[in-house]
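Please work through each task before reading its solution.

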Amino acid sequence: MLLRHTPKEITERSALMINPAKTCQPIGAMYAALGIHGCLPHSHGSQGCCAYHRSTLTRHYKEPVSAATSSFTEGSSVFGGQANMLQAIENIFAVYNPVIIAAHTTCLSETIGDDLKQIRKKAITEGKIPEGKYMISASTPSYVGSHVTGFSTMVKSMAGLAETTGKKNGKVNIIPGWVEPSDMEEIKRLTNMIGVKTIMFPDTSGVLNGPLSGEYKMFPDGGTTVAELISAGDSIGTLALGEWCSAAAAHELDTKNKVPCQVLDMPFGLKATDRFIDALRIIAGVTVPDEISLERGQLVDMISDMHQYLYHKKVALVGDPDQLIAMTEFLVSIDMCPIHIVTGTPGKEFERRILEITKDMPFTVNVRAKGDMFLLHQWIKNEPVDLIIGNTYCKYIARDEDIPLVRWGFPILDRQGHQYFPTVGYKGALRLLEKILGVIQDRKDRDDPESKFELVL
Amino acid sequence: MATTTKKKIVQWDPAHVKAELLAKYPSKVARKRSKQIMINEAQGNETPEITANVRTTPGIITMRGCTYAGCKGVIMGPTRDIVNLVHGPIGCSFYAWLTRRNQTDAGLDGENYMNYCFSTDMQDSDIIFGGEKKLAAAIQEAYDLFHPRSIAVFATCPVGLIGDDIHTVTKRMKEKFGDCNVYAFSCEGYKGVSQSAGHHIANNQVFKHIVGENDAEKPGKYKINLLGEYNIGGDGFEIDRIFKKCGITNIATFSGNSTYDQFASAHKADLNAVMCHRSINYVADMLETKFGIPWIKVNFIGADATAKSLRKIAQYFGDQEFIDRVEEVIAEEMPKVLAARTDVRTRTEGKTAMMFVGGSRAHHYKELFNEMGMRVISAGYEFGHRDDYEGRQVIPDLKVDADSRNIEELEVEADANRFNPRKSAEEIKALEDAGYKFKHYDGLAPDMENGTLIIDDLNQYEAEKLVELMKPDIFCAGIKEKYSIQKLGVPMKQLHSYDSGGPYAGFEGAINFYQEIDRLVNSKVWSYMKAPWQDNPQLSATYGWE
């Protein structure tokens with residue numbers, strides 16, 4: 001057994017986290033920053049932070065992830081990291097020449113009280129940020145929230161670039177939240193089909209799913225441009241997808257630039273996608289094109305065709321709040337039963353939303369924000385499930401307990417596809433369904449006795 | 001900034017390449033980097049001086065990690081029956097969770113915490129009011145849940161800054177439990193200039209708190225410790241297979257697939273064989289001073305190097321029966337290796353490689369490339385010191401700067417009861433007169449061809465430039481470097497975690513490596529970079545369909 005020391009009996013822990021269902025803020029800030037065109041993320045801390053985040057993102061995407069670091073030493077930790085940061089800004093523009101630096105703090109620089117906003121001002125005064133170049137910053141202490149918080153904070157900093165000229169640009173800001181590059185591409189496809197002009201930020205499509213062509217572009221073609229970010233202040237409205245990931249930036253645009261906003265769930269599954277499409281239709285004042293209704297119909301068709309394999313199947317879920325809320329709703333909508341749900345990210349509101357969505361389910365639901373995968377595993381030992389949906393670390397539980405696993409979330413370190421095939425929208429929900437059915441039916445084919453083995457499923 | 005590898009140029013001038021690498025830097029950075037880029041003129045021990053183990057310039061995209069990574073990630077990570085508890089915000093423990101591909105075999109019911117990730121998940125209140133109470137509670141919870149024989153605590157950056165006294169907390173918990181050794185590592189990420197400082201801190205604490213804890217006699221005739229072998233991709237398993245075949249008893253591996261008891265019994269070995277000189281030479285020195293166990297440098301990367309290292313171990317013990325057995329094993333293993341080598345050489349001969357990795361690996365893997373007829377045209381370490389480049393004779397001249405000074409040097413003395421020189425002064429002298437070298441390491445530079453480039457702490461910009469200018473057939477570094485190099489159409493092999501491969505150590509490992517490099521440099525995929533219409537953009541004909 002891989003997790004052989006995990007007991008079935010659950011004891012409350014107050015201090016020890018085992019097998020976390022979250023990681024720290026800065027990696028979220030780094031991922032978000034990669035969604036700006038021509039941006040070099042910068043980690044203001046020890047070299048290890050930057051190395052770890054780059055490694056994890058690289059393993060997840062199998063793509064280059066460039067980011068710089070302030071390379072703190074003991075001296076800078078005592079005297080403050082301002083000198084390091086100023087030196088870094090100078091070197092970054094000289095050697096790598098990005099359009100923009102998106103710097104975030106770490107637990108180290110936060111603990112000693114470094115203020116990136118003030119350092120940026122000093123850099124501007126000293127002429128270290130060349131004409132036409134930008135720097136934004138986010139305060140992302142690792143000891144608060146989770147990687148989701150860091151993502152949200154950096155996206156909010158992007159909104160900080162928005163300017164109001166008084167002349168509306170006729171566009172809608174879309175803040176997609178922490179989804180895959182493929183999902184961002186799919187959101188753009190849907191908005192294009194409906195005919196809504198958008199500014200989407202961040203946008204990692206074309207950045208973290210690049211081609212192999214014999215050419216290396218440190219700053220790939222994709223990403224939201226700084227010009228678009230500036231123009232976001234003139235948009236007619238903002239659709240923020242995911243309360244945890246995107247609401248802060250939307251509210252920033254609302255208060256600062258008077259761009260009204262609507263916060264929706266991430267468009268995973270049937271109902272959340274319905275709400276997203278409906279919102280786009282209302283904003284654009286158009287009829288939803290038949291192609292989209294067709295995609296929806298195909299999803300409903302597959303749900304009805306395969307309902308017998310889904311009905312009342314128990315599921316354990318681990319991941320991030322916005323994604324899990326939408327996924328839980330999707331599973332409930334197809335009559336599956338998510339009974340154990342864990343996120344490492346804190347937030348009582350998460351537990352409330354999950355309990356609300358699952359209130360008519362015929363089983364008791366275990367839900368925990370600020371939980372860990374050790375607890376999830378113990379819940380599974382006490383009340384087994386038919387399916388696990390979560391990141392790659394779930395495979396240790398899946399193998400020990402012999403439960404089918406669909407990889408979905410962050411990080412996925414051992415399978416491919418998330419970069420290229422979306423799970424948002426109706427097409428994405430079809431793919432999710434295909435994956436869920438695939439593992440459930442593979443299991444049936446593996447476990448059915450020969451006398452019951454069937455050709456047609 | 002876009003780079004492409006264009007037509008292959010066979011000749012390059014190292015001075016020109018060096019100038020190109022430095023051209024874009026601000027003058028201060030260029031001056032500093034210039035001392036870390038050395039055109040090799042190595043002649044025996046007369047190598048030019050390189051600057052190493054110095055700070056990376058902020059803003060330069062370095063390959064390096066931090067002290068915590070060197071301590072928890074590298075040295076203590078591969079130990080399987082110690083609960084490795086990280087005191088800090090969640091990230092540090094999360095990122096070091098199963099990502100280094102250290103393999104372990106605890107049997108069906110042995111203790112194995114490698115698949116777990118433990119953290120105190122410090123919150124802002126812990127940063128403000130101190131985290132000692134939470135740490136003590138976490139240790140207690142780990143003890144109550146698992147009853148391990150040992151719990152190790154690792155400090156992350158904020159711990160040192162807020163002044164949590166982790167050593168007092170662990171000492172108290174150890175006394176409280178009585179049957180569980182608890183100790184701590186002050187390996188905050190900002191200490192030192194790279195992972196290397198973390199290795200040293202880990203060495204110190206393992207030596208102080210674990211080595212010598214178990215005085216029970218260990219059976220075996222030829223007892224050694226294998227130092228600096230981390231069982232990545234199963235390297236340690238292959239070396240242990242060979243040891244077993246030769247009749248060598250491996251008391252403790254530092255630290256691949258290791259257990260607490262192995263460390264605790266390390267003083268029962270009669271020889272220390274050091275693989276990764278950079279990460280573990282401190283323990284080797286301390287074991288010699290305190291217990292009288294001599295150490296030698298070995299290398300099990302490369303079949304010829306493996307044979308050489310086995311002979312070196314046999315010669316130390318000097319027993320003819322053992323020497324004969326080692327020769328038998330080599331004779332038995334080599335034909336398969338040579339057959340594989342002869343086969344791949346038809347496809348690898350004359351190809352070129354670059355290696356920027358580790359503090360010993362860039363040297364060790366040169367053996368394997370040599371065996372394949374490939375030339376290493378540029379190499380360097382991520383976190384090496386001058387002695388890893390130029391040889392241990394430079395150690396007395398090393399400047400101790402502010403960053404090294406804050407890493408504790410243990411004062412070790414001969415153990416009053418247990419010091420036992422394994423060889424008498426006469427025996428040592430006789431061996432040395434016969435050409436045997438103790439505590440000796442020549443470093444990378446003397447093994448590199450003249451005119452090759454040796455580069456310390458290579459960064460992303462220089463890596464890209466090097467590949468563009470020198471066009472190697474393969475580039476070796478780590479995961480962060482992998483895909484930027486491959487985008488250029490040049491295969492990149494990870495030599496930290498081996499991508500998905502291994503073992504590459506020993507005889508079986510050599511065969512695996514030959515085949516892996518053959519696969520990489522001869523893969524068809526590198527010929528697909530351009531679509532037919534990109535190779536011939538001019539339309540010269542149309543179908544006659546109308």
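**Exercise 1.** State which domains the assignment gives for chain A, and describe the side of domain 2 of chain A that touches domain 3 of chain A.

*Solution.* Step 1: the automatic or database domain assignment divides chain A into domain 1 (25–159), domain 2 (172–288) and domain 3 (294–451). The model is predicted: local features need pLDDT of at least 70, side-chain atom pairs count only at pLDDT 80 or more, and totals for chains, interfaces and linings use all residues. Residues are numbered from 1 along each chain as its sequence is written, with chains lettered from A and ligands numbered from 1 in the order in which they are written.

Step 1: the C-alpha centres of domains 2 and 3 of chain A are 25 Å apart. Their contact (C-beta atoms, placed from the backbone, within 7 Å) takes 26 residues from domain 2 of chain A and 25 residues from domain 3 of chain A.

Step 2: on the domain 2 side, α8 (181–194), α10 (243–257) and α11 (270–284) of chain A each supply at least two residues; helices are DSSP runs of H or I, at least four residues, numbered from the N terminus. The largest share, seven residues, belongs to α8(A).

Key
Contact = placed C-beta atoms within 7 Å.
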